[in-house]
Protein chains: 2
Amino acid sequence: MRTSYAVGVDVGGQRIAAGLVERKGRIVKDKRTLTPKGGPFAVVDAIIETVEELLIGLHPSELAGVGIGLPAQIDFLRQSVEYCTNLPLAGVDVRALVMSRVRHEITIDNDGHLAALGEFRYGAAHGARDFLMITLGTGVGGGLFVNGQPYRGSRGLGGEIGHMVVELDGPPCPCGGKGHIEAYLGRAAIAAKGRVAAATYRGRAILDEAGGVVDEVTAEAVVKAGLKGDELAVRILMDAGEVLGHALVGFVNMLNPQLIVVGGGIGESCGFMVERAAEVIAAEALAGRRDVRVIQAELGNDAGILGAAALAFDEHDSREGLHR
Amino acid sequence: MRTSYAVGVDVGGQRIAAGLVERKGRIVKDKRTLTPKGGPFAVVDAIIETVEELLIGLHPSELAGVGIGLPAQIDFLRQSVEYCTNLPLAGVDVRALVMSRVRHEITIDNDGHLAALGEFRYGAAHGARDFLMITLGTGVGGGLFVNGQPYRGSRGLGGEIGHMVVELDGPPCPCGGKGHIEAYLGRAAIAAKGRVAAATYRGRAILDEAGGVVDEVTAEAVVKAGLKGDELAVRILMDAGEVLGHALVGFVNMLNPQLIVVGGGIGESCGFMVERAAEVIAAEALAGRRDVRVIQAELGNDAGILGAAALAFDEHDSREGLHR
């Protein structure tokens with residue numbers, strides 16, 4: 001039976017966003033909440049409540065299933081959470097816990113993979129066969145499409161583009177490594193540079209975006225000041241764009257993608273950072289630089305929701321032996 | 001018709017190695033020569049002479065074709081050489097030039113891709129579906145297998161693992177970039193460190209391997225001294241293994257491979273360097289570290305020949321509509 005709806009849930013370090021989604025990608029109902037700061041069960045409960053609210057009034061037979069994107073390394077076949085930097089979910093059987101209350105098929109996947117799937121099915125990467133998605137948010141993640149299919153690696157743990165080394169003895173990364181991309185481009189890294197700037201006279205504009213309190217400078221405050229043209233904020237973000245570009249040079253040389261989509265809260269709000277990265281690629285990558293377009297994601301905050309819903313539809317259809 | 005032989009040619013920065021290869025991977029006749037230092041036509045002529053010599057006495061119908069691996073970025077569909085760091089072959093129509101004299105089907109590909117194909121078909125990666133091959137030689141290259149198939153990227157230019165950034169403002173790379181893997185692990189980089197060491201009192205063992213002449217210290221001299229236990233040489237190679245490990249941490253996090261095969265002249269001759277890289281991965285990669293084995297290639301100098309021959313067989317069989 002060709003079900004009409006799926007629920008997509010995008011669990012981020014800061015927010016849980018979920019939507020009831022039609023097959024064509026329209027979100028007919030949505031629900032957003034802050035990610036609880038307590039232990040794993042607080043997070044799982046918040047997911048369950050969010051899903052239950054979206055299902056009110058829906059007949060069970062109308063639902064293909066529920067897809068959940070987590071900021072975590074997921075063993076996709078076993079549907080287990082192996083590693084999670086920014087939330088206490090490692091080892092927690094999120095799928096079983098949610099399924100025991102929400103009596104529908106649940107599928108979990110890495111949030112970067114699902115953002116890529118969302119942009120592929122409904123957004124900026126529509127029709128692309130070989131592309132890389134990189135999401136810049138609390139963490140830095142992503143997903144790879146190979147021959148028109150999501151590529152998760154041998155066990156589904158791939159896509160952790162944020163944890164590639166770009167500086168051998170570089171700054172510490174939340175994962176425990178050093179010099180990883182996320183240590184330059186994650187919200188925490190950009191906010192830290194913003195705070196240093198905001199403590200100086202020339203950082204006034206950044207400070208203003210944080211209500212005058214240095215300790216409350218966030219990555220978003222830096223982006224806002226940058227978009228208004230503040231010199232220091234622009235410098236911080238252009239430097240970040242340069243790091244992004246150098247990291248992507250390596251991907252272009254290694255994977256020869258036709259498209260790179262930059263998404264996530266920071267990536268989508270800061271066009272000039274993405275343009276700077278594209279310039280670095282055009283100047284420094286080998287022959288593959290001529291093949292690759294570097295663009296911003298199109299689906300905004302909805303990429304994760306839509307990707308998670310697309311996963312639920314795909315899993316449902318493959319269970320039922322349907323083909324898209 | 002099921003042909004019995006293919007010719008595989010492996011063109012390196014230093015040597016051209018070629019072999020007449022049976023379907024099962026036995027090299028029945030081989031030929032090695034130094035890569036001429038003149039212009040592109042000298043290199044192409046050397047390839048032609050090598051192939052012609054291998055074909056003496058063979059009936060044309062016995063030959064599936066000729067595969068040629070080049071240390072270059074190849075547009076695989078167009079069969080054109082797009083970029084070549086270590087030899088003057090960019091823009092040269094190697095395939096047409098060779099085919100005009102050797103009247104058999106010629107297929108060219110990147111040498112790293114072919115080393116991977118060789119190890120997959122006949123060597124260390126037999127049966128692996130998702131693996132990464134990295135070749136450490138004059139250049140640093142490699143190839144990626146995805147779902148049991150070579151993955152060349154959107155146009156065949158992928159596999160340039162040597163040109164990933166591991167240090168944002170690092171040492172210059174032969175390609176013009178900075179801080180690329182090759183700038184640490186290519187023969188030139190290891191030889192340069194060996195020369196600095198050989199000029200000091202403690203570098204005696206390295207100097208001895210170079211006949212007592214500092215300027216003649218090669219990467220091989222460093223490896224030889226290292227294998228004999230010389231402290232300075234071991235230090236240079238362990239440092240290289242560490243860089244290799246950090247680079248591979250990123251690949252494990254991004255691609256979740258089940259296997260990494262380290263080959264090429266330097267990679268195959270220096271087991272403790274590969275072990276050091278494996279230790280770094282075990283300590284620093286995310287959950288995918290538990291899936292991945294890091295091993296040395298098995299086919300030695302023959303990987304490129306066997307991979308090139310495997311490509312010629314595959315292309316022949318696909319032209320004839322045969323399936324392996």
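Modeller: Helices (H or I, at least four residues) and strands (E, at least two) are DSSP runs, numbered from the N terminus. The model is predicted: local features need pLDDT of at least 70 and side-chain atom pairs count only at pLDDT 80 or more, while totals for chains, interfaces and linings use all residues. Residues are numbered from 1 along each chain as its sequence is written, and chains are lettered from A and ligands numbered from 1 in the order in which they are written.

Colleague: In which helix does A:A309 lie?

Modeller: Helices are taken here as DSSP runs. The run that holds A:A309 covers residues 302-319 of chain A. That helix is α11.

Colleague: Is A:A309 buried or exposed?

Modeller: A residue is buried if 20 or more other C-beta atoms lie within 10 Å of its own, exposed if 12 or fewer, and partly exposed in between, with C-beta atoms placed from the backbone. For A:A309, 34 other C-beta atoms lie within 10 Å. A:A309 is therefore buried.

Colleague: What separates the centres of domain 1 and domain 2 of chain A?

Modeller: Domain bounds come from an automatic or database domain assignment. Chain A is divided into domain 1 (5-117 + 301-319) and domain 2 (128-296). Taken over C-alpha atoms, the distance between the centres of the two domains of chain A is 25 Å.

Colleague: Which element gives the most to the side of domain 1 of chain A that touches domain 2 of chain A?

Modeller: The contact takes 20 residues from domain 1 of chain A and 19 residues from domain 2 of chain A. On the domain 1 side, β5 (73-75) and α3 (111-122) of chain A each supply at least two residues. The element that gives the most, with six residues, is α3(A).

Colleague: How does the side of domain 1 of chain A that touches domain 2 of chain A divide by class, and what is its number of charged residues?

Modeller: Ala, Val, Leu, Ile, Met, Phe, Trp, Tyr, Cys and Pro count as nonpolar, Asp, Glu, Lys and Arg as charged, and the others, Gly among them, as polar. On this side of domain 1 of chain A there are eight nonpolar and nine polar residues, and the charged residues number three.

Colleague: What is the angle between the axes of α3(A) and α11(A)?

Modeller: Axes are lines fitted to C-alpha atoms, for helices over the stretch in contact, and angles run from 0 to 180 degrees between N-to-C directions. Angles under 35 degrees count as roughly parallel, over 145 as roughly antiparallel, 65 to 115 as roughly perpendicular and the rest as oblique. α3(A) and α11(A) are therefore roughly perpendicular to each other. Their axes come within 7 Å, and the crossing angle is roughly 85°.

Colleague: How many residues of the contact of α3(A) with α11(A) are nonpolar?

Modeller: Among the residues in this contact are A:L114 and A:L117 in α3(A), and A:L306 and A:L311 in α11(A). The contact has three polar and three charged residues, and the number of nonpolar ones is ten.

Colleague: Which element supplies the largest share of the side of chain A that touches chain B?

Modeller: The contact takes 40 residues from chain A and 41 residues from chain B. On the chain A side, the elements that give two or more residues are β6 (80-83) and α8 (231-255). By class, that side has 18 nonpolar, 13 polar and nine charged residues. The largest share, eight residues, comes from α8(A).

Colleague: What is the handedness of the crossing of α8(B) and α10(B)?

Modeller: Helix α8 (residues 231-255) and helix α10 (residues 271-284) of chain B pack at an angle of about 45°, with their axes 7 Å apart. α8(B) and α10(B) are therefore oblique to each other. A crossing is left-handed if the near helix is turned anticlockwise from the far one by less than a right angle, and right-handed if clockwise. The crossing of α8(B) and α10(B) is right-handed.

How values were computed
Contact = placed C-beta atoms within 7 Å.
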